[in-house]
Amino acid sequence: MAQLTTAGGRYEVDAILFDKDGTLIDFIYTWGKWSEQMLGEFGNQLEARGLPAMHADIASLWGTQHDKDGAIIDYDRNGPLAMGTLDDLVAVLAWQGYLAGMSWAEAKLAVQQCRQHADDQLNEARAAKALPGVIPFLERCREIGLTLAVVTADETSAAVRQLEWLGLTDYFAECIGTDQVERGKPFPDMVKLACSRLSLDPARVAVIGDTNGDMKMAKLAEAAVAIGIAAKADEGRGAKLPDADAIIVSMSELALSNEPC
């Protein structure tokens with residue numbers, strides 16, 4: 001048991017469940033690079049077939065923001081890239097292939113090739129870095145004996161691999177990817193599965209994430225508290241995290257102790 005203190009209040013918790021991307025690791029550093037590879041290769045696939053470029057503005061497909069050179073510099077925390085599964089992203093891009101003139105079967109095969117290319121590039125670069133404040137907070141959790149787990153919209157194997165790149169796997173008793181449940185975020189299935197495996201009461205578990213899907217997941221699971229991580233530009237507003245009980249910019253804002261409330 002520990003006391004978790006936020007700007008919104010104090011909570012007695014036995015465990016914390018973390019989203020991964022945008023919460024533990026830098027979202028743009030990993031998925032921005034992956035998306036650039038994916039979209040770039042898809043453009044190559046269209047060009048090789050003599051097909052027109054995508055009908056939709058690239059930024060509107062997955063909810064990304066681009067600089068003048070096309071590099072991804074930010075993302076919509078409630079958009080497909082942030083909240084969707086890899087299957088969702090593949091389906092969105094395959095639809096663009098179909099609109100460009102591919103058969104549905106051809107579009108699906110082309111996008112799978114693009115995904116393999118992007119995955120290979122990501123794995124070769126081992127593109128992952130922890131967000132500021134994450135490792136000291138995980139260390140503090142370990143010191144006071146809190147149980148920790150990851151609940152991510154990513155697939156489990158990819159999530160574990162990225163945590164391994166950063167040397168973070170030993171902090172977590174479980175890593176639950178969206179492939180382990182029937183329904184991903186914002187449904188409560190991942191929280192419930194983690195709690196079941198770890199013999200936890202959801203009412204004594206905190207959930208930390210960067211999207212409102214994470215917050216809704218926590219609420220539907222009846223977790224003790226839903227803590228949202230906002231971009232610096234959104235600090236204090238919470239417009240994109242309306243279901244959060246508390247909003248932080250960094251985990252350094254959270255306090256932990258063994259003292260009861």
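**View 1. Helix H7 lies across strands E6 and E7.** Helix H7 (residues 156-165) runs at about 135° to E7; angles run from 0 to 180 degrees between N-to-C directions, with axes fitted to C-alpha atoms, for helices over the stretch in contact. Helices (H or I, at least four residues) and strands (E, at least two) are DSSP runs, numbered from the N terminus. This is a predicted model, in which local features need pLDDT of at least 70 and side-chain atom pairs count only at pLDDT 80 or more, while totals for chains, interfaces and linings use all residues. Residues are numbered from 1 along each chain as its sequence is written, and side-chain values use heavy atoms, with hydrogens and water left out.

**View 2. Six strands form an open sheet with parallel pairing, in the order E7-E6-E3-E8-E9-E10.** Two strands pair if DSSP finds at least two bridges between them. Strands E7 (174-177) and E10 (246-248) are the edges, each pairing on one side only. On average, neighbouring strands of the sheet are turned by 20° against each other, direction ignored.

**View 3. Strands E3 and E6 pair in the parallel sense.** Strand E3 (residues 15-18) and strand E6 (residues 147-152) share 4 bridges. Leu17 has Ala149 in E6 as its bridge partner.

**View 4. Helices H1 and H4 pack at an angle of about 25°.** The axes of H1 (residues 27-48) and H4 (residues 86-100) are 11 Å apart. The angle makes H1 roughly parallel to H4 (under 35 degrees; over 145 is roughly antiparallel, 65 to 115 roughly perpendicular and the rest oblique). Residues in contact (heavy atoms within 4.5 Å) include Trp31 and Phe42 of H1 and Leu89 and Gly97 of H4.
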